[in-house]
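Reader: I am new to this structure. Please walk me through it, and tell me what each term rests on.

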Amino acid sequence: MDQKEIIRIEGLTKRFSGKNGDVVALEGIDLSINQGEIFGIIGLSGAGKSTLVRCMNLLERPTEGRVFVDGQELSALTEKQLRQARRGIGMIFQQFNLLMQSTAIENICFPLLLSGVNRREAEKRALELLEIVGLSDKRNAYPAQLSGGQKQRIAIARALANEPKVLLCDEATSALDPTTTRSILSLLKEINERLGITIIVITHEMRVVEEICSRVAILDASHVAEMGKVEEIFRRPKTAAARRLLFPGREQRAEAPAFGAKNQRMLRIVFDGMTPFEPVIANMVLACGAPVNILFANTRAIEGKTVGQMIVQLPEAEDAVSRIEAYLNAQNVHYEEVTDDVL
Amino acid sequence: MFSKEMLNLFLEGTLETFYMVVMSTLLAYLIGLPLGVLLVVSGEDGIRPMPVLNRTLGVVINLLRSAPFLILLVALTPVTRAIVGTSLGSTATIVPLVIGSAPFIARMVESSIKEVDGGVIEAAQSMGASPMQIVLRVMLPEAKPSLTVGAAIAVTTILGYSAMAGFVGGGGLGTIAVNYGVYRYQTDVMLVTLALLVAIVQVFQEVGMHIAARIDKRRR
């Protein structure tokens, strides 16, 4: 890979010692994140993703393994050197973690004052940052007077104050509603593009990854189950863990009666980047003269393109199935045949 | 109703009580505040765990706190004499007041600081804050409203202690209540000192709560 690597994790294992013996949070994690990318780490609750991101600035000390950030081995630094290194790694949190007794601008000045910048300089920089996150008019507001999205914007400004190379986002949108989530994600993307900051996004929501990440690692039961480009994993999930994340809500459906008749064939059709004006399924049905039954659909428009997937039940007639496959091939639509256990 | 001398006595007693309480509170915080911070910082989940120090400190504080103040007052007489030169009067009373209330203040400071959201401390750590910076720039400012409520409680407790000191010649309103009210059966004097004490408690408590509410930015 010709891109410069900014974070490397080698053989990372983290065990927590508890009353009932050790709990393994992470085991044998190897990871490499390139400078300037938005890297997603996705997993269900308890998969260890928060522990992993906290190992990237050593808020959590790995039991085994090494963590490199920007060429420095964090795990080998002294306390003082580590504090210095942390200034180059911004972090935002699910609960924002702002100083509740300080105004927005004081919160943004805080990391600058910690690193010894004088107050006037700090305020000047804070005003620039308020501008970047679009909250110049809220400079003297206290966190309690701000909405969730506004608080996260202030937290982002605060994390950017020391001009970090890396921004860690620990479930940064999980406490926000979908609209606010989208606006925070687009802000993160803008920051990534404008300032060239590498962003690591921890989330349990596939849509967050789809929306901004270039690469993703899927964390399952303390291990990296799968890692690669987002569209690749989206098209061809290799592991059960990846599929579980692609089909959220599987648990609820498990209790509902099975879809369709048994032994009927199903197709997963992936939409990644076609225009929303293209009625793919309807065209397919018309062109092939065979009806399909839509069992699952999850599509959204991201930046003017349709992204998502559908699971359709195929007709019984063999020739109709081959017509459908031929049609999808001709239209360059990605699909794969799936079995009942996918759903 | 009361002679001019008596009225002067009340005024003097009130001022002496104020002097004792304010001085003792300030000095007790000088000791109790750092100790309270140390209790949190050195605790198991603290930012700089020091188990031995933490446990030792905890035991010493509990020992001092379990001694009834009146006993402490008498037991500390030699110490008071060594420091102030006498064990009588309001200045002398400050010594046992400080020693008696500092451990109590340390515990109150501890509980106030423990209320500070761990996430905020973690955020500061992620920005490279040193333990000292976390104490001075995160813990104490974030705990300010709760610390203020604690201070109001501390002041009123110290006021109660100071009145007790009246039994051993401690000066202030307590001494007046004991000398006139108890020994000479002048119930009216006793009632006036009581009323004055109640009024002082009210003032400290109300002012403290008012300030705490005003500086707390978590609401609105």
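Reader: How many helices and strands does the secondary structure of chain B come to?

Author: Chain B has nine helices and zero strands. Helices (H or I, at least four residues) and strands (E, at least two) are DSSP runs, numbered from the N terminus. The elements of chain B therefore read α-α-α-α-α-α-α-α-α from the N terminus on. A word on the source: this is a predicted model, where local features need pLDDT of at least 70, side-chain atom pairs count only at pLDDT 80 or more, and totals for chains, interfaces and linings use all residues. Residues are numbered from 1 along each chain as its sequence is written, while chains are lettered from A and ligands numbered from 1 in the order in which they are written.

Reader: What makes 43% of the residues of chain B count as buried?

Author: A residue is buried if 20 or more other C-beta atoms lie within 10 Å of its own, exposed if 12 or fewer, and partly exposed in between; C-beta atoms are placed from the backbone. Of the 220 residues of chain B, 43% count as buried. The C-alpha trace of chain B spans about 65 × 45 × 25 Å along its principal axes.

Reader: Which residues of chain B and chain A take part in the contact, by number?

Author: The contact takes 19 residues from chain B and 19 residues from chain A. Two residues are in contact if their C-beta atoms, placed from the backbone, lie within 7 Å. On the side of chain B that touches chain A, α6 (118-126) and α7 (131-164) of chain B each supply at least two residues. α6(B) gives the most, with six residues.

Reader: How do you know that the span of helix α4 of chain A agrees with its number of residues?

Author: The expected span is 1.5 Å times one less than the number of residues. Helix α4 (residues 119-132) of chain A has 14 residues, so it should span 20 Å. Its end C-alpha atoms are 20 Å apart, which agrees.

Reader: Which residues of α4(A) are buried, and why are they said to be on the same side?

Author: A:A122, A:A126, A:L129 and A:L130 are buried. They cover an arc of only 100 degrees around the axis, so they sit on the same side of α4(A). The arc is that of the directions from the helix axis to the C-beta atoms. The face turned away carries the exposed residues A:R120, A:E121, A:K124 and A:E131. Cover for the buried residues of α4(A) includes α3 (104-114) and α5 (148-160) of chain A. Just after α4(A), A:G134 takes a positive phi of about 70 degrees.

Reader: What makes a set of residues a nonpolar core?

Author: Such a core is a set of buried Ala, Val, Leu, Ile, Met, Phe, Trp, Tyr and Cys residues joined through C-beta atoms within 7 Å. The largest nonpolar core has 142 residues, and those with the most contacts inside it are A:I108, A:C169 and A:I200. α7(B) gives the most to this core, with 14 residues. A second, separate core of eleven residues includes A:M266, A:F271, A:V307 and A:V312.

Reader: Where do the domains of chain A lie in its sequence?

Author: The bounds come from an automatic or database domain assignment. For chain A, that assignment gives domain 1 (5-245) and domain 2 (261-342). Their C-alpha centres lie 36 Å apart. Six residues of domain 1 of chain A are in contact with six residues of domain 2 of chain A.
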